[in-house]
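The sequence and structure come first.

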Amino acid sequence: MDVTSVTSFRRAHTRDDLDLAPGEVFLAGGTWLMSEPQPGTTGFVDLTTLDWPALEVTDAGLRIGATCTIAALRAWAEGRGPVAVPDGWRAASLVPVAADALLASFKIWNTATVGGNLCRAFPAGAMTSLSVALDAEVEIWMPGGGVHRLSAAAFVIGNGVNGLAPGEVVRAIEIPAHALRARARLEKIALAELGRSGAVVTGRLDDDGRAVFTLTAAVERPVVMRFCELPDAAGLAAAIDSAPGYYSDVLGTEDWRRAVSGVLGERIRAALARPEAVPG
């Protein structure tokens with residue numbers, strides 16, 4: 001789409017270039033910005049020219065540059081990237097599954113960014129599902145040089161609403177190593193085979209025996225449910241049924257989303273209860 005209100009474009013090379021003039025917005029992949037009119041937007045500031053490293057593996061975990069494309073993240077998880085997946089990071093198997101939950105073709109994956117998908121804060125955002133499932137933390141650059149962090153679950157406030165203040169920009173998404181070592185699974189459902197996810201449920205069983213289940217797509221903002229151990233079927237069903245934020249739209253009713261989330265959650269719980277390795 002032609003965004004006819006835009007009259008300026010500039011490339012950011014240093015942090016000083018991130019001071020926005022009136023009407024300017026940050027541009028990463030631009031797949032959403034270019035998909036519909038942007039009233040009031042008169043200029044783009046390109047973040048990709050900051051040349052942030054796409055992926056950095058450390059003892060602490062995985063640091064994903066906000067401008068890393070979904071394709072690059074998927075290639076890494078599948079062993080096709082320049083940086084190897086460390087032995088034992090079983091939950092990296094969630095990445096391809098999450099990418100497949102994105103309502104976009106592989107061509108979009110090569111342009112759309114991890115940070116951009118998270119910043120859109122849509123209920124069915126695939127990178128939101130992944131980040132929340134693995135207890136990711138979002139590093140945010142503030143105007144004037146400050147930095148602060150939010151959990152991915154707290155970053156997404158509502159449907160299309162994120163936790164960024166004016167002038168702030170997401171620098172990176174950091175996933176802790178303990179979450180990447182976990183056994184994890186993602187299940188989704190949509191009314192159409194290739195349609196937008198109506199419900200996404202993830203489950204994670206950490207090495208210390210604690211379990212984390214998350215709801216996205218079915219709820220307006222992520223819901224995280226933590227257990228000291230893998231819950232029984234009744235306990236998980238009750239937690240999912242009582243979760244806040246289920247909603248209705250043309251792609252599914254509130255009651256349907258609640259019901260199918262329970263089915264997906266039990267499917268994950270049963271898989272994690274088995275001693276054998278669980279594919280993502």
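Glu-187 counts as buried because its relative accessibility is 12% (buried means under 20% relative accessible area, exposed over 50%, partly exposed in between, with a 1.4 Å probe and protein chains only). The model is predicted: local features need pLDDT of at least 70, side-chain atom pairs count only at pLDDT 80 or more, and totals for chains, interfaces and linings use all residues. Residues are numbered from 1 along each chain as its sequence is written, and side-chain values use heavy atoms, with hydrogens and water left out.

- Strand β11, residues 183-189, contains Glu-187; strands (E, at least two residues) and helices (H or I, at least four) are DSSP runs, numbered from the N terminus.
- Beyond its neighbours within four places in sequence, Glu-187 is in contact (heavy atoms within 4.5 Å) with Ala-199, Val-200, Val-201, Leu-264, Arg-267 and Ile-268.

**Strands β4 and β5**

- β4 (residues 55-58) pairs with β5 (residues 61-65) in the antiparallel sense over 4 bridges; pairing requires at least two DSSP bridges between the strands.
- A hairpin of 2 residues joins β4 to β5, and Val-57 has Leu-62 in β5 as its bridge partner.

**Helices α8 and α9**

- The axes of α8 (residues 233-241) and α9 (residues 254-273) come within 9 Å and cross at roughly 145 degrees; axes are lines fitted to C-alpha atoms, for helices over the stretch in contact, with angles from 0 to 180 degrees between N-to-C directions.
- Residues making this contact include Leu-236 and Ile-240 of α8 and Gly-262 and Gly-265 of α9.
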